[in-house]
Structures are given as C-alpha cells and as structure tokens.
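Reader: I would like to go through some of the words used for this structure. Could you set each one against its definition for me?

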Amino acid sequence: MSGGKVMKTIVANIMPEETRLAILEEGRLRDYAVERDDESRIVNHIYRGTIQNILPALQAAFVNIGRKKNAFIYMGDFFPRAATKEEIQQTKLSVGQSVLVQVIKEEQGTKGAKVTANVSLAGRYSVLMPTVQYVGVSKKIRDEEERNRLREIVNRVKPASLGMIVRTVANGVSAEVLEADIVYLLHTWDSICRRYKLTKKNKLLYRETDLVMRMIRDHDSDEVAEIVVDQKESYERIKQVLIAPDKRHKVRLYQGEKPIFDAYGVEEEVKHLLSRQILLPSGGNLIFDHTEALTVIDVNSSKYTGNGTLQDTIFHVNKEAAKEIARQLRLRDIGGIILVDFIDMVRAEHREEILELLVKETASDTNKTRIMGMTALNLVEITRKKSRQGLHQVQFSACPICGGTGYLYSAESVALQIIRKLRHLLKQQKLSQDVLVVAHESVIEILQETKRKEALEKELARTLYFEVSTHANREVFSILAYSK
C-alpha cells in the first residue's frame, strides 16, 4: 500500500500471435484480457460504408463496410447525439449512400457488427467526440477549480464545432501534456476525414490501437506500481508512450527463467477463469452456464454448513457470491444479460444488502454494469455493456460432436435407434443377408448382450456381426450388408 491506495501491477505476456494482459491488485488477479492477431477484433475501428438496405419497421439499416457480414445500425445512431427531431426528419437517408461509421459491438456468431455514426476517439487524457459540441469532465474529478482549469485548456485548443471529454487520468496534468493529447486526436480525426473523402470503396479508415497501448492509455495511473512485459519491442514502445520521465522507471522488461504468467501466479488463476465452476472461500460455489441470449450464474452452498442459523448461513454464502460474481464478470468479460440465481433469502433486509453489495462491487468496472433488481424467486438481473467477445467465446468453440449442447444420446438410446432401424429395414424387406453393425464401443457392448443379441437375430432371421467404429461421436453408426 502507498498513500492509502491499493497498488497494482500490470503483467503482459506478448507474442506475435496473441497478447495476454493481467492486472494484479496486491498479488491477486483483478482484470484480464486476451487479444489475438487476427481480423475479428474490430471494436472502435472506423469504416467508410454504404447503406445496403433500410428497415423502416425496425428503425434500422444494414451497412456494407467491406467485410463479409453487413453491419447493423439503429437509425438514431446516424444522427448527432444532440440532434433535434426536426433535424432528423429533414435528413434523408437512402440506399447506396456512403456513411462514416465506428464499430461499437463486434461480430458475434451469425450477427454482423453493430456500428454508429457518432464517432469517438480516445486519447491518453481526453476523448474527442466530433458529432457533439460540449466539453465534459470526468465525474471522478471532483475539485471544481481543477474541473474549470481542464475545461479552459480544452476550449483553448479544440475547434468550437467538436466535442471533448476529459478523462480521470488528466487530473493534475500540465496544460502542455493535455494540449499535446488533444492536438494528436484532432490530427487523427482530420486524417480520417481526408481518407473518407478520397476513397470510393467500403474499407477500414482507422484501426484502434492494440491491447498493450490501450492498457497504458486506460489503466496506467498513480495506483500502478509496476508494468512488466516479456517482449523487448513492447517494452520500448511503452517507455516512449510514458511521456513523463518520472514514470518510465516503473516499466520493466521481464527476463526470468519461468514464463512471466507462472512467475506472477497468473497462469493458475487463468485456468480457473475457463472453468464452469468457481469455488468460494466458505466452500460454496458458482456455476456458469452460457447461452446465446444470456449468461446464468447459479449460487450453491455446497459443503458450507455454517455455525449460525440457516438464514445466516445462506446470507454469508450469498455475500461471498456477490463479491466474486462482480470480479468474474470483469475477468471473464461477460456482457449482455446476466441472470444470477442466489440461494433463497427470507429476510427483505438480506436481499437489499446483497443488491447494494453488487452495486458497490461493480462500481469500479470500466464496462457499464447495471443491477436491475431481485425477483421474488431471488433471481437478480444484471446487464453489462457488451462490445467485444467475452473470454469464453475467445477461448472456446462449440464441440463438433455435441454441437455445443454438452450432451449426447446415451449408449442405450443409440442401441435402441439401431434396433428400430433394423426392424424398419426388415419391414421394408431390405434385409436380404446377414448384417454388419458399425458403432461406438459402448453401444456395441449393449447390442452384444447374449439374450438381446439372440432375440434380435431370431426376430430378424439374420446373423448380426459387430465392428467398433473409430468415430469419436457415440451417436454415429452404420448398418451394412455383411460379406465374408
């Protein structure tokens, strides 16, 4: 601890194909992110697009941005945030019209990206918003004198037609540093506008910076004691970005014998993030289930029995669960609708306290998280802004055998399917000779049971032969004419 603050360490494991980033708070994993070097990560990228078709009933449109899937945009997102109803009605949109859009949600599954015409460019200390005109200052900067100072600097540098938000990390920075950040964003925006006017194709105009640079931009503060990276090129880049010389000493190039994530105890924690079950300190657990529509989290007391009353035991497990759920949402980057099934609580004050604890624990999340309330069945609805694919989607793909359901027909069910098929073939008079059944080992074991095999051969008036299939899927089988 330093000056009452909880100190953090940023640890980056970097290779050409993938970057993994961990933020540790007093040695414990607080935030985690993974980014692959591929074309799927497009959030905050800016494109020149063409309106492909307009859907009046949905108040939306599809935009061709030069990718395989068309992007989706709500009609309201075509207009500046401050636009009046009259201005919107006077603006005519048509198919084939070119538009400048920014991705706010990545392509997921069969869905294309979600985009907006309300572009924003994030810098180290400020965010440029070309479609508005106001100057905002982060609410976390509470000193009114400092807020006024920052506003004056911004108004001195930016054109009146553009908007700007001053970020929390700008608190106390010199006018020169903030001005340099704003000028950089203004030049970037000018460059994007020039490219948009010159190009005739639907294409990428601006690429969001990579994970390492975003990490410095978004997370480096006085609370960060050390930034450790295991790649020399990134180490040099970070030192260049840290303009203040007094900050460069906290960047360190890791050269230890162990892999960097093993040395800092991150690798073991990451394995837990990929698990369906998370154990709580008391012995209770959380179970995570993902569907396309939402994520469901089940809270169980499991082995914990407690020393007090039943309600006290339940309340203790639910409190532990609330804290860990807030942490797991950040670490796993779970977005969209989240439904939490807490253990039933009888007392209204206990339910209220759990909700307050969730609000408190999710307050520091950089992704907007809202606690929607608790139902009579102790189900809590949470929404968390979803822009990128979560850790579960990045690390896993659907099982090609079960199709992502997690279930297969039992060996007994498959054996019955085979028997049903054989009877159908007999009825159709298509069993002209003995039969070879090729199936999974566990299925053949059932079919080869002496009494069952004898009864079936008698019924079919054919001899049954069996062969173990090499296919991994237990549900796959073949019925063939047997030839010696």
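Reader: What makes Asn285, Leu286, Ile287 and Asp341 residues that Asp298 touches?

Author: Contact means heavy atoms within 4.5 Å, and Asp298 has such contacts with Asn285, Leu286, Ile287 and Asp341, leaving aside residues up to four places away in sequence. This is a predicted model, in which local features need pLDDT of at least 70, side-chain atom pairs count only at pLDDT 80 or more, and totals for chains, interfaces and linings use all residues. Residues are numbered from 1 along each chain as its sequence is written, and side-chain values use heavy atoms, with hydrogens and water left out.

Reader: Why is Asp298 called partly exposed?

Author: Buried means under 20% relative accessible area and exposed over 50%, with partly exposed in between (1.4 Å probe, protein chains only). Asp298 has a relative accessible area of 26%, and is therefore partly exposed.

Reader: Why is Lys385 called exposed?

Author: Its relative accessible area is 55%, so Lys385 is exposed, the cut-off being over 50%. Lys385 lies in the loop between strand E21 (379-384) and helix H10 (391-395), where helices (H or I, at least four residues) and strands (E, at least two) are DSSP runs, numbered from the N terminus.

Reader: What makes helix H4 mostly covered?

Author: In helix H4 (residues 211-219), seven of its nine residues are buried, among them Leu211, Met213 and Ile216. The buried residues of H4 pack against several elements, including strand E1 (8-15), strand E14 (224-229) and helix H5 (232-241).
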